Amino acid sequence: MKNSDIETNRGILVNRFLETNTKDIFAIGDCAEQREAIGNRRPIEAVWYTGRMMGETLAQTICVNRIEYKPGHWFNSAKFFDIEYQTYGWVFGERGRPDYEKHFHWKHTDDTKCITIAYHKNSNHFLGINTFGIRMRHEIFDKWLTEKRDVNYVLEYLADANFDPEFYALHEKEIIAQFNQENGTSIESKKKSWKRIFTKT
Ligand SMILES: Cc1cc2nc3c(=O)[nH]c(=O)nc-3n(C[C@H](O)[C@H](O)[C@H](O)COP(=O)(O)OP(=O)(O)OC[C@H]3O[C@@H](n4cnc5c(N)ncnc54)[C@H](O)[C@@H]3O)c2cc1C
């Protein structure tokens, strides 16, 4: 790379079409760096989901259907030993958290499970969720982010998003009870059938 004309910074610089500055040479995955970050994303995203999405995008382009890389809502998941970790949307830490971002945090008494939900303090718009020890469904959170659901809706139907294996203990009721206590709301846990979740209501 060092002896080529391909422009680099920390990674190999690409545009939204994953094209380098050299014709017919592309970069995807950990080595690719967007010239301008997409939304809140980092210019280099070293995670496998984005690598796969870039691969799918580029496959279209090299099959003569040139398309832009549009990764959609941020998400990631991992497993640290036996603890699941997942994130959907944006949940900022203390550093760099926007003024409007409010957090609701719940932790199980056994210290192995917790969730943090980020939402807009004025509009109540759901912004993102981090979960430890509870597995959630990507397609549901992706849908709720697209639909710009509010935090009350997300809590009400949180049971629909649970993706833990069969016979695992469920915690939605405790989570909702704590949210109600902290916010003076009276949300009740509900569940929709799968058919209704993915049809317009
Ligand atoms: C310990 C660890 C844990 C991770 N956990 C997660 C996780 O939980 N979730 C997640 O989303 N992501 C995770 N990642 C990140 C994820 O693995 C990477 O984002 C993903 O593998 C990147 O894919 P890639 O194809 O861009 O690069 P790579 O998978 O690194 O593939 C690059 C390939 O190119 C080969 N190569 C290098 N130089 C040359 C050369 N000169 N000639 C020929 N071949 C060459 C390498 O041997 C390698 O096989 C983790 C990474 C690490 C290291």
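**Entry 1: the ligand shell**

I went to the ligand and asked which element gives the most to its shell: strand 3, with three residues. A reminder to myself that this is a predicted model.

I then listed who surrounds the ligand: Gly29, Asp30, Ala46, Val47, Trp48, Tyr49, Asn76, Ser77 and Ala78. Sorted by class, I get five nonpolar, three polar and one charged residues in that shell. I also looked up the domains, and the shell takes at least three residues from domain 1 (12-62) and at least three from domain 2 (75-197).

**Entry 2: polar atoms at the ligand**

Which atoms sit by the ligand's oxygens? I checked Asp30, and one of its polar side-chain atoms is 2.6 Å from a ligand oxygen. For Trp48 it is a backbone N or O atom, 2.9 Å from an oxygen of the ligand. Ala46 also uses a backbone N or O atom, at 3.4 Å from a ligand oxygen.

How much of the ligand does the protein bury? I find 26% of the 1000 Å² that the ligand exposes when taken alone. I noted which elements give two or more residues to the shell, and they are helix 1 (48-62) and strand 3 (75-80).

**Entry 3: cavities**

Rolling a probe the size of a water molecule over the atoms shows where empty space is left.

The largest cavity has about 70 Å³ of space. I wrote down its lining: Val14, Leu18, Ala32, Gln34, Ile38, Arg41, Arg42, Pro43, Ile44, Glu45, Met54 and Tyr69. By class, that lining splits into eight nonpolar, one polar and three charged residues.

The second largest cavity comes out at about 40 Å³. Its lining is Ile134, Met136, Asn162, Asp164, Ala169, Leu170, His171, Glu172 and Ile175. I sorted these too, into five nonpolar, two polar and two charged.

**Entry 4: the largest pocket**

On to the open spaces. I get a volume of about 460 Å³ for the largest pocket. It is lined by 17 residues, and the closest to its centre are Asn40, Arg42, Trp74, Trp90 and Val91.

Which strand gives the most to the lining of the largest pocket? I found strand 4 (residues 83-89), with three residues. By class, I have eight nonpolar, six polar and three charged residues in this lining. Domain 1 (12-62) and domain 2 (75-197) each supply at least three residues to the lining of the largest pocket.

**Entry 5: the second largest pocket**

The second largest pocket has a volume of about 250 Å³. Of its 16 lining residues, I noted Asn40, His73, Trp74, Gly89 and Trp90 as the closest to its centre. Its lining has nine nonpolar, five polar and two charged residues.

Why do I place the second largest pocket between the domains? Domain 1 (12-62) and domain 2 (75-197) both give residues to its lining, so the pocket lies between them.

**Entry 6: the whole fold**

I stepped back for the overall layout. I count six helices and seven strands in the protein. Along the sequence the pattern reads β-β-α-β-β-β-β-β-α-α-α-α-α. I also took the extent along the principal axes, and the C-alpha atoms fill a box of roughly 60 × 40 × 35 Å.

**Entry 7: a look at Glu182**

Last stop, a single residue. I located Glu182 in helix 5 (residues 172-183). Its side chain makes a polar contact of 2.8 Å with the side chain of Gln178.

How far apart in space are Glu182 and Phe104? I get 8.9 Å, C-alpha to C-alpha, for two residues that are 78 residues apart in sequence.

Definitions and conventions
Residues are numbered from 1 along each chain as its sequence is written. This is a predicted model: local features need pLDDT of at least 70, side-chain atom pairs count only at pLDDT 80 or more; totals for chains, interfaces and linings use all residues. Side-chain values use heavy atoms; hydrogens and water are left out. A residue is near a molecule or strand if one of its heavy atoms lies within 4 Å of it. A polar contact is a pair of N or O atoms within 3.5 Å; within protein, one must be able to donate a hydrogen and the other to accept it, and residues adjacent in sequence count only if both atoms are side-chain atoms. Accessible areas come from the Shrake-Rupley method with a 1.4 Å probe; for residues, only the protein chains shown count as cover. Helices (H or I, at least four residues) and strands (E, at least two) are DSSP runs, numbered from the N terminus. Ala, Val, Leu, Ile, Met, Phe, Trp, Tyr, Cys and Pro count as nonpolar, Asp, Glu, Lys and Arg as charged, and the others, Gly among them, as polar. Domain bounds come from an automatic or database domain assignment. On a 1 Å grid over the protein atoms alone, a cavity is a set of points where a 1.4 Å probe fits but cannot get out, and a pocket is an open set with protein on both sides within 12 Å along at least five of seven lines; lining residues have an atom within 4 Å of a point. Grid points are joined across faces, edges and corners, and a volume is the space filled by probe spheres set on the points.
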